[in-house]
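Welcome, and please open the model in your viewer. We will take it one selection at a time.

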Amino acid sequence: MRKRCASPMPPRQLRLLSPETRLFHTIMDSSSTPLVPKAPRTPLQWTFDLLSGFGLATIILLMLGLLTWFATLEQIDNGLYPTLKKYFDWRSVFVIPEYNGRMVPLPLLGGYWTCALLLVNLLLGGVIRIRKGWKHVGNLISHFGIILLLVAGGVSHHYSERGNMAVGEGETVDVAEDYFEHVVEVAEVKNGVQGNIHVIRGKDLTDLRAGTNRIFRLPDLPFDLEIGGYLENASPVSVVEVAPMHGEQSFDGYYLMEKPGEKNAEANTAGCYARPIYRENNPANKTTPFILAGASFQAYTLKVGERIFTVDMRKRLWLMPFTVRLDQFTAEFHPGSMRPKKFVSQITRKEHGVESKYTIQMNEPMRYEGLTFFQANYGPQGAAPGQKLFSVFEVVKNPADKWPEYSLYIVAFGMLVTFLMKLGLYLAAVARKNRHV
Amino acid sequence: MRIEILVARFGLRVVPDGPIANGMKIPAVTLISCIVLMAGCQKKGEITVTEKRELTSKDVKPKLFATSDQRFKNAQPSPVEGTPPPHWLVLPASQFRLLNYRFGESGLGEVSVGLSAGTVKANADRWLRQFQLPPLEDEAFAKLRTVPLAGVQGVWLDASGDYESGMGASGKPGYGLAGIIASVNGQILTVKMLGPKAEVEAERGELEKYAQTLRLTHAATPAPAPQP
């Protein structure tokens, strides 16, 4: 906050003056016209004042409220993930909200950038420009708490990973599967077992729309891969069943039929086209392109000389540093409905031969080695009594996992300090007043 | 090293003879820097793959030299066969959906065929529960309309309202269900159409016709897992 003009005379001395003189001092004190003319502000000073101002903070908070409101409404029609991406991804600089499928002509700054602006505003206004002194230490602490919350959001946005792990009763699993990222895996098969599995990450595939290709060099292998025509949600369809309607290229009787994005984005199955580029010219090598699809049951096989390789598209697998065995799963529902009341998974976590028992249930996740396991789902749906169930955990790796909690403690502490300070000052003022009566 | 930017009491200023100020005087330098930065943001035409992973519990022995049919269609012969209307989109089968289709303008309409355990009434009650409806009384169950399905008579079930699959997902309001359940050779054959109510109502006739084309194949074996 900008410092107000200091009163030319302390209030205690003011009370001792005549009414006319007191009125003069009051007028002079509250007048907006400074006694000494202000020096013109430089552009940098003007920018600093704007960015650190309370007005900007108010506009940002209003904008965050609007973004949250519109996003909440829009996710009903468009699904949670696409809406979060639209409103809060760092790539969304501006957002045009939709309501009931109609565009709302109110362009808003994207949520990520609004928060970034709030962070700048808090740093400049709430830390650098704020009035300093022991009376304001509580505010300063609270501002640091909010800054930590905003930084936590940014760290989480850029560095957190989310996947799911489905474990059947009695089964042991050591891997989680990413919710959204489709990767291409190239592996060499020896004695029927895959090894040397190369992973082409989704971030290098998603921009390969129709007409854009990229060569992926595989130095360990006798071939490279050229990949293109990536589709976020597609199914391989037989030309016999449904003829291509948009001139799609078909290979071996199949083509990729693009589908609109699913409301639950994790149900999207990506697809693309690939072509091997061999290092050695050998007429026996197949060079025809082939389809890679997230919705395929088997990998594509390549034979180069006597060596055999598989190429497959799947959701990215994410190896855990320990294994999880599901000992027992129980699900309870509210009477007469399929609304979940309680899901409880009794698990055994095994790491370096050491076993530990743990219970994961709704709102009671397991936190271990930077990973958090939430009880997310179960299956199969409508299982008959006595049928073996599987439990689905959401696995989250977030370096800023606990930061929001810490920031809330800091904000609460700052507010408590401010409150106690105000209370102390008030009580002191009352005591002083009583002494003078 | 000279401090370029000084923090004044309430503002900042660039030192007039500092390196930033001097740099700004040379537009070409600024322009070239911007182009270099922009070029760095563009994706390359070639990437060397360095990321690898180990075998996991999810990896299964691969089926080598699979044909496209084996890769893109469930390799297991389907225990049920049928002829869908031409405007239904055929989707790959899954563990619980032996035949799987999509229909409707919204893209949300779905038809699935499965083999289930239990009784016809237990399955009907399970479907009703997904719409928060009470189980059928025996009398009401006996009065349900019957339609031909895979050579036998199956019961026809309608429901509408908020659909909850029971998988912890939020409810879907304004949904409709039309389905047929029959006991065929000791197994429960289910044909379930789900989607926005208006779209389901518009497709009920097609569903009834489709049900008449369904038949169990030799691959159908008793005691399968229940389906959604």
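Strands here are DSSP runs (E, at least two residues), numbered from the N terminus, and two strands pair if DSSP finds at least two bridges between them. This is a predicted model, in which local features need pLDDT of at least 70, side-chain atom pairs count only at pLDDT 80 or more, and totals for chains, interfaces and linings use all residues. Residues are numbered from 1 along each chain as its sequence is written, while chains are lettered from A and ligands numbered from 1 in the order in which they are written.

**First stop: a sheet.** Select β13(A), β12(A), β9(A), β8(A) and β3(B): in that order they form an open sheet of five strands with mixed pairing. Its edge strands, β13 (290-293) of chain A and β3 (46-48) of chain B, each pair on one side only.

**Second stop: a strand pair.** Now pick β9 (residues 223-231) and β12 (residues 271-278) of chain A, which are antiparallel and share seven bridges. Gly228(A) has Tyr273(A) in β12(A) as its bridge partner.

Contact means C-beta atoms, placed from the backbone, within 7 Å. Beyond neighbours within four places in sequence, the contacts of Cys272(A) include Ile227(A), Gly228(A), Leu292(A) and Met313(A).

**Last stop: Glu110(B).** Move to β8 (residues 109-116) of chain B, where Glu110(B) is found. Is Glu110(B) buried or exposed? Glu110(B) is buried because it has 20 C-beta neighbours inside 10 Å; the cut-off for buried is 20 or more, and for exposed 12 or fewer, with partly exposed in between. Select Val200(B) as well: 90 residues apart along the chain, the two C-alpha atoms are separated by 9.0 Å.

Definitions and conventions:
Helices (H or I, at least four residues) and strands (E, at least two) are DSSP runs, numbered from the N terminus. Two residues are in contact if their C-beta atoms, placed from the backbone, lie within 7 Å.
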